[in-house]
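The structure comes first, the points after.

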Amino acid sequence: MKKTPHPIELTPEQLTGISVESPKEVAVGLPAVTNALQHVFGAMDVRRGAKALLNLNQKDGFDCPSCAWPDPDERSRTAEYCENGAKAIAEEATTKRVMADFFAKHSIEELGTWSDYELSQQGRLGEPMYKPQGATHYQPISWSELFRKIGTSLKKLASPDEAVFYTSGRTSNEAAFLYQLFGREFGTNNFPDCSNMCHESSGVALNETLGIGKGSVKLDDFYKADLIIIAGQNPGTNHPRMLSALEKAKKNGAKILVINPLKEAGLIAFSNPQTVGGLLGYKTALADHYLQVRINGDVPLFKAFLKYLYKAEKNTGGVFDWTFINDKTQGIEALLEDIEKYDFEQLICDSGLNVNEVEDAAELIKSSKNIIGCWAMGLTQHKNAVDTIRELVNLLLVKGSIGKPGAGTCPVRGHSNVQGDRTMGIWEAPPKAFLDKIQEQFGFDPPRKHGYNTVEAIKAMHEGKVGVFFAMGGNFLSATPDTSFTAQALRTCGITAHVSTKLNRSHLVTGEEAFILPCLGRTDEDIQQGKVQFVSVENSMGVVHRSIGKLRPVSDQLLSEPDIVRRLANATLGAYSHVHWDFLLGDYDHIRESIERTIPGFENYNQRVRQLGGFYLPNGPREGTFKTSTNKANFTINEYTTFDLKAHEFVMMTIRSHDQFNTTIYGLDDRYRGIFNERRVILMNPTDIEKAGLVAGDRVDLFNYFGGEKRTAPNFVVVPYSIPQLCVATYFPEANTLVPIGSYANRSMTPTSKAVVIEIRHR
Ligand SMILES: Nc1nc2c(c(=O)[nH]1)N[C@H]1C(S)=C(S)[C@@H](COP(=O)(O)OP(=O)(O)OC[C@H]3O[C@@H](n4cnc5c(=O)[nH]c(N)nc54)[C@H](O)[C@@H]3O)O[C@H]1N2
Ligand SMILES: Nc1nc2c(c(=O)[nH]1)N[C@H]1C(S)=C(S)[C@@H](COP(=O)(O)OP(=O)(O)OC[C@H]3O[C@@H](n4cnc5c(=O)[nH]c(N)nc54)[C@H](O)[C@@H]3O)O[C@H]1N2
Ligand SMILES: [Mo]
């Protein structure tokens, strides 16, 4: 057996052998196509691979389990997917399996020495597994015994609030609805989810300003926009199908303004693999203006834009949309007063940019009527994230760019059904109206007290307040901040149980007893009572549509997620339950009927979800109505923090490489950034490298001292990169050990994964 040179919870620190090229200036094209096919056909035979790809994102096929970017209404008959969608499919549809003999051969401790890449390469989890108290290995267990044990433990808890039910964003609407129903009947609102670490800041900001925690644009708006602002998002890697929409937008005359500390290839230019020209290397330039803002320099930048626009409005008029402002908003006076307080040059200085480039971009905003604002994790994972997003909303509001064609908000979601899960009630702070409906429909009194979000759940576990941690998907240990702290937290639980498709590090850091519940994925055929079932999901633009698994499951021991909830409910609530679990499971149409009766916007769910392409959920701002406290769109006054860095300190953002889906590592390359065969890298400004007495290729250790605690991430390779001075970048999840549990966004409690103050020391 290999020795454990490091705590199990941390990714091994050995280096894999870096090679570096200059970063690319165009995304996709032929290399992406060949790369995608290699992944798919490397993981399964040709027939299964072809079937998988032919059904991906087709109206009668399955929804891509990768990102939440919407499918165009006019879909190409084949190939409505991207390189990274194909990798996600290869990851899930692989025919390799992890069965009991694997766990008999490898102890939990030994598996802890494997990298995340090695863990996920083992294949699909194929049978339920159990780790008894004190055991060194997982052993097989029957499903009935597994549910009996978990149900018994849940029943024994002193209070239902000693259970935590986590959700990751791949869970279907049907499974999510049942899961929250079970948890609430059991008696808790402890539903932390991946959203807490992701777009929670967007939800909070948009609810406060526009009255709905979702974006307002439809895909079609991209083709009517004058200007598309893309801030803190790397679509070339994380939402590659968005590039086709941007290409079409450009052809229709839109301009693109990018705000990002890194020059991301996918934002510079795109070569469309679905066209012959694209395959031959013809490309469309995307960004018209590229502002390499300092990390968290966005609020001062947006304020500088507002100041510039206000000045122009005072001088010449015609810049603000006064009809919209007067009819639909409130708070403009306070906003303008606030803007007057700031000094233009100081704002630009705080954004890390120069006057000319900011003025050029501001001029573009000034002359545009229809503006779309897109953003992702670069805005949401900061201390002042909610304020950043509200400031972007201010900018859209003064231009009247909400609720008309070609304009609006576009928080680009991550997981393929993270938005749907929230609609279904996966929320630690459910609205009263939702709980009232549950009560009315099911006849039990759901708990009213808010539950734990992700950060609160970790803290509660750490304090020994949680007996059972149950995860519907995801990789809680590696996705959350402060990995060592979270590991200690998980170890205090009596039971940790994970419903999973693939092996990950969360299976290795366990409570006293642990369970692995292998489930069907999106691509797998789901048959209940002899009938093929489908599920439904909601994409980033509020379209609900169906997804039908087509592939034969790799093992006959896999259960669907809804079935897992049914069995858990039966084992825990038994005959006392008010819900007819077995009936609901007999046909997923029954689950959808329950959803229809409980959640607004799902009228004729079963009929409309069967329409090819699905249906749109209602969206106030899209139609120009705002269900806020004032019944108007609210202008807001926002603040920002700058970093008070001491000598040797840097601000670190943790980002995704091109070869990963969150904590699932597909490979060791970050092709567009020109970094190959290594994930333990730190991207640094060349001047900073020199000042720190380092050279490219040096090995360094990284430290964070937030709250007087020392956090360490050892052995990273220095890579010179075009990034603003004093800003550095590392990959998630290797650097999560440095993200302090106590550092999170005001109001949304999203960990500040894009702004961690670190020290860098030569090894
Ligand atoms: N292939 C693939 N697809 C994915 C995922 C994946 O891991 N792999 N993950 C999915 C999920 S869950 C999500 S949430 C999304 C994530 O999608 P993204 O948000 O695009 O992912 P990140 O890599 O976190 O990139 C954040 C971007 O923000 C920039 N940035 C960092 N800090 C700042 C800042 O202070 N200001 C500004 N303006 N920019 C900043 C970074 O340079 C980077 O380009 O993608 C989803 N899709
Ligand atoms: N430092 C840092 N930390 C971050 C981020 C960051 O940018 N920086 N990003 C944050 C964000 S945006 C997010 S969304 C979270 C992600 O947090 P999570 O959603 O918890 O993490 P994932 O890595 O997406 O989860 C991967 C696991 O999900 C399981 N899985 C995959 N498909 C299915 C399925 O269909 N059903 C079930 N039951 N299981 C499945 C597999 O076992 C796989 O190992 O991480 C957050 N953490
Ligand atoms: Mo996410």
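**Strand pairing, cores and a loop threonine**

Four bridges join strand E29 (residues 681-684) to strand E31 (residues 711-720), and the two run parallel. This is a predicted model: local features need pLDDT of at least 70, side-chain atom pairs count only at pLDDT 80 or more, and totals for chains, interfaces and linings use all residues. Residues are numbered from 1 along each chain as its sequence is written, and side-chain values use heavy atoms, without hydrogens and water.

**Strand E29**
- Strands are DSSP runs of at least two residues, helices (H or I) of at least four, numbered from the N terminus; pairing needs at least two DSSP bridges.
- In E31, Val 717 stands opposite Val 681.
- E29 also pairs with strand E32 (residues 727-731), antiparallel, over two bridges.
- There, Leu 683 faces Ala 729.
- Val 681 and Leu 683 point one way, Ile 682 and Met 684 the other; all are buried (under 20% relative accessible area; exposed is over 50%, partly exposed in between; 1.4 Å probe, protein chains only).

**Nonpolar cores**
- A core is a set of buried Ala, Val, Leu, Ile, Met, Phe, Trp, Tyr and Cys residues joined through side-chain atoms within 4.5 Å.
- The largest has 57 residues; Leu 154, Phe 182, Phe 470 and Leu 517 touch the most other members.
- Helix H8 (residues 173-186) gives the largest share, seven residues.
- A second, separate core of 53 residues includes Val 293 and Ile 332.

**Thr 492**
- Thr 492 lies in the loop between helix H26 (483-491) and strand E17 (495-500).
- Thr 492 is partly exposed, at 35% relative accessible area.
- A polar atom of its side chain lies 2.6 Å from the backbone oxygen of Met 461.

Methods:
Chains are lettered from A and ligands numbered from 1 in the order in which they are written. A polar contact is a pair of N or O atoms within 3.5 Å; within protein, one must be able to donate a hydrogen and the other to accept it, and residues adjacent in sequence count only if both atoms are side-chain atoms.
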